[in-house]
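Please look over the sequence and the three-dimensional structure below before reading on.

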Amino acid sequence: MSENRTFDLTQAPPVEEPARQYYYMEKLRGLVADQSKELGRPLTASVVTFGCQMNARDSEKLKGILREAGYQEGSEEDADFVIYNTCTVRENANNKVYGRLGQAQSRKRNHPWMKIALCGCMMQEPEEVEKIKKSYRFVNLVFGTHNIYKFAELLARTFDEKMVVDVWKETDQIVENLPVERKYAFKSGVNIMFGCNNFCSYCIVPYVRGRERSRRPEEIIAEIKKLADDGVTEIMLLGQNVNSYGRGLPQEISFAQLLRQVEAVPGIRRIRFMTSHPKDLSRELIETMAASDKICRHLHLPLQSGSSRILKRMNRKYDKEQYLRLVEDIRRAMPDIALTTDIIVGFPGETEEDFLETMDVVRRVEYDSAFTFLYSKRSGTPAASFEDQVPEDVAKDRFDRLLALVQEIGRKKAKALESSEAVALVEEKNAQDPAMVTGRLDNNSVVHLKGSEADIGHYIPVRLAECRGFYYIGERLS
């Protein structure tokens with residue numbers, strides 16, 4: 001626990017957050033200590049994360065609370081407490097979770113003290129929660145995306161109750177200053193907003209993450225200053241649509257204005273952000289990025305389709321020509337920027353002509369890389385009810401053609417930087433070669449170079465000696 005934080009556990013818990021949650025973390029420490037004594041060893045916990053970087057950041061918060069509660073980190077295969085932080089963007093993600101639950105149930109039969117929890121986006125779907133309550137009674141705790149801050153309080157209840165289910169449909173509350181267990185000492189994600197207002201016709205996110213809620217800028221900057229004091233030099237600002245940050249705050253502030261405040265924090269050397277919606281990307285943001293020596297020269301700008309007709313059906317609120325003009329504006333201001341994107345193939349009603357429009361955009365933009373997806377019908381979204389679904393074999397053929405083009409362009413773009421000089425932030429030891437370390441460039445490319453664990457977290461000047469498709473072998477320059 002934090003120093004000088006004490007609560008009388010014989011009294012009612014505090015009403016205000018986050019004091020209430022620290023009260024329950026302290027209560028949990030006692031419960032965990034008692035069970036550890038019975039078992040003759042420390043209790044372990046494992047957080048298993050599915051999905052996006054928003055989920056990854058949520059998992060760091062869960063791990064921070066578990067650390068405060070006295071759990072030690074364990075593996076999914078042998079932990080006393082396993083938490084599945086779920087994703088539900090595609091239905092097969094749900095199936096993966098149920099598969100893992102089946103394996104966990106087998107372990108729990110032989111370890112009756114074991115606890116299992118489910119949280120995240122999948123738990124915001126009422127039918128999935130009902131399925132868990134009816135067919136997976138061995139699960140101890142179910143909660144969603146809106147009340148993750150209550151994790152300590154809910155977990156404490158599982159020591160007295162067989163199954164705790166607490167899922168909120170929505171909230172306007174943002175609770176600050178809870179513990180976080182970061183994966184990296186030198187870089188961190190920072191949530192600047194939660195939820196989404198866009199309602200793309202294929203996407204479940206607004207239904208499970210709720211409406212947009214922006215954090216106050218002073219809270220964000222205070223968190224970043226604290227991270228910088230703790231040795232963090234790279235920040236990733238996170239939101240479903242960071243370009244709409246600030247709307248609805250008592251004193252509105254644009255995303256570009258927030259970026260300039262983040263730039264001013266001493267110790268921060270790199271600033272990244274995701275995800276940007278093209279319809280909200282402003283001239284002010286482009287100018288702010290171009291003038292900055294801290295904002296990375298990488299922009300993830302989801303296209304989804306190059307066909308204006310399909311974009312309208314997707315409810316994306318821009319068309320092909322608007323998107324291409326935006327790219328021209330970005331490249332004019334920042335010729336060296338790396339652009340990446342998301343593309344869906346086989347959306348309902350997509351014709352060969354629509355698909356060729358997508359291929360045309362890919363050729364004209366020349367993305368450094370792209371995440372390509374076969375459309376997957378997602379129940380609960382408008383597109384799931386569209387009757388003109390594309391046959392699977394047709395969609396697969398288009399996907400293969402798109403992937404081949406994306407990879408061809410990506411290799412060409414990467415090859416063009418061969419022999420140039422850059423700076424890599426070393427992130428980890430190389431998994432295949434113990435004499436190598438792996439770093440990331442300003443443009444988000446990966447580079448492997450000779451080094452040791454002592455290099456992790458440091459910025460190393462390198463020459464990109466050899467391009468190997470989508471990564472580089474680098475030579476140290478100092």
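**A walk through the predicted model**

Asn 315 lies in the loop between α10 (308-314) and α11 (320-333), where helices (H or I, at least four residues) and strands (E, at least two) are DSSP runs, numbered from the N terminus. This is a predicted model, in which local features need pLDDT of at least 70 and side-chain atom pairs count only at pLDDT 80 or more, while totals for chains, interfaces and linings use all residues. Residues are numbered from 1 along each chain as its sequence is written, and side-chain values use heavy atoms, with hydrogens and water left out.

Most residues other than glycine have a negative phi, and most peptide bonds are trans. Asn 315, which is not glycine, has a positive phi near 65°, and at 29% relative accessibility Asn 315 counts as partly exposed; buried means under 20% relative accessible area, exposed over 50%, and partly exposed in between, with a 1.4 Å probe and protein chains only. Glu 366, found in the loop between α12 (352-365) and β14 (369-374), likewise has a positive phi, near 60°, and is partly exposed at 25% relative accessibility.

Two packed helices are described by the angle between their axes and the distance between the axes. Axes are lines fitted to C-alpha atoms, for helices over the stretch in contact, and angles run from 0 to 180 degrees between N-to-C directions. The axes of α7 (residues 217-229) and α8 (residues 255-263) come within 10 Å and cross at roughly 30°, which makes α7 roughly parallel to α8; angles under 35 degrees count as roughly parallel, over 145 as roughly antiparallel, 65 to 115 as roughly perpendicular and the rest as oblique. Contact, meaning heavy atoms within 4.5 Å, is made here by Pro 217, Ile 220, Ile 221 and Ile 224 of α7 and by Leu 258, Gln 261 and Val 262 of α8.

Helix α3 (residues 91-110) and helix α4 (residues 126-135) pack at an angle of about 15°, with their axes 13 Å apart, and are therefore roughly parallel to each other. In this pair, Asn 94, Tyr 98 and Leu 101 in α3 meet Glu 128, Lys 131 and Ile 132 in α4. Glu 91, also in helix α3, is partly exposed at 32% relative accessibility, and leaving aside neighbours within four places in sequence, Glu 91 is in contact with Lys 377, Arg 378 and Ser 379. The C-alpha atoms of Glu 91 and Ser 379 are separated by 7.9 Å, although the two are 288 residues apart along the chain.

Which residues touch the most other members of the largest nonpolar core? They are Leu 237, Phe 255 and Ile 330, among 67 residues in that core, a nonpolar core being a set of buried Ala, Val, Leu, Ile, Met, Phe, Trp, Tyr and Cys residues joined through side-chain atoms within 4.5 Å. A second, separate core of 30 residues includes Tyr 22, Leu 66, Phe 143 and Ala 156.
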